[in-house]
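Take the model below and walk along its chain. The text starts with the terms, then moves through the helices, the core between them and the charged side chains.

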Amino acid sequence: MDTKITKGNVKSAIKDDKAHMDYLKRDVNYDQKKGGKYKDINQTADEKHISKLAGDIKHDGTFLSKHMKHNK
């Protein structure tokens, strides 16, 4: 889902991405403990998703700081 980031939704997007990362981290921990047949595959997919979300947060933060300085 590629939602366009604007000044009006950037803070919500960052908050949402952080919450999603928290969920995925808990899922990775669960996979490590309970595992199952596809433990490594699921864990790797979650870790990749966490990395992507971290990049999104970094990009959104850059967007926010750039636009907030511009509006002052």
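Helices here are DSSP runs of H or I with at least four residues, strands are E runs of at least two, and both are numbered from the N terminus. By that count the protein chain has 2 helices and 0 strands. Glutamine 43, for instance, is found in helix H2.

This is a predicted model; local features need pLDDT of at least 70, side-chain atom pairs count only at pLDDT 80 or more, and totals for chains, interfaces and linings use all residues. Residues are numbered from 1 along each chain as its sequence is written, and side-chain values use heavy atoms, with hydrogens and water left out.

Start with the overall figures. The accessible surface of the protein chain is about 5,800 Å² (Shrake-Rupley method, 1.4 Å probe; for residues, only the protein chains shown count as cover). Carbon and sulfur atoms hold 54% of that surface. Of the 72 residues in the protein chain, 22% are buried. Buried means under 20% relative accessible area, exposed means over 50%, and partly exposed lies in between, with a 1.4 Å probe and protein chains only. A contact means heavy atoms within 4.5 Å. Among contacts with a separation of 6 or more, 68% join residues 24 or more positions apart.

Now follow H1. This helix covers residues 10–34. H1 has 25 residues and spans 36 Å from its first C-alpha to its last. That is close to the 36 Å expected at 1.5 Å a residue, where the expected span is 1.5 Å times one less than the number of residues. Its buried residues are Val10, Ala13, Ile14, Asp17, Met21, Leu24, Val28 and Asp31. Just after H1, glycine 35 takes a positive phi of about 50°. H2 covers residues 39–70.

What makes up the largest nonpolar core? A nonpolar core is a set of buried Ala, Val, Leu, Ile, Met, Phe, Trp, Tyr and Cys residues joined through side-chain atoms within 4.5 Å. The largest has 10 residues: Val10, Ile14, Met21, Leu24, Val28, Ile50, Leu53, Ile57, Phe63 and Leu64. H1 and H2 each supply at least two residues of this core. Take isoleucine 50 as one example. Leaving aside neighbours within four places in sequence, isoleucine 50 is in contact with Met21, Leu24, Lys25 and Val28.

Go back to glutamine 43. Is this residue buried or exposed? Glutamine 43 counts as buried, at 12% relative accessibility. Not counting residues up to four places away in sequence, glutamine 43 touches Val28, Asp31 and Gln32.

Aspartate 40 is in helix H2 and counts as exposed at 55% relative accessibility.

Charges come last. Side chains of opposite charge can pair when their charged atoms come close. A salt bridge is a side-chain nitrogen of Lys or Arg within 4 Å of a carboxyl oxygen of Asp or Glu. The whole structure has 2 salt bridges. One joins aspartate 22 and arginine 26, at 3.2 Å from N to O. These two are 4 residues apart in helix H1, so about one helical turn separates them. Aspartate 22 is partly exposed, with a relative accessible area of 41%. Aspartate 56 forms a salt bridge with lysine 52, and the closest N and O atoms are 3.2 Å apart. Aspartate 56 and lysine 52 are 4 residues apart in helix H2, so they too are separated by about one helical turn. Aspartate 56 is partly exposed, with a relative accessible area of 26%.

Which side chain of opposite charge is nearest to aspartate 17? Lysine 52 is, at 7.4 Å. Here Lys and Arg count as positive and Asp and Glu as negative, while His and the chain ends are not counted. Aspartate 17 lies in helix H1 and is buried yet has no salt bridge. Not counting residues up to four places away in sequence, aspartate 17 touches Leu53, Asp56, Ile57 and Asp60.
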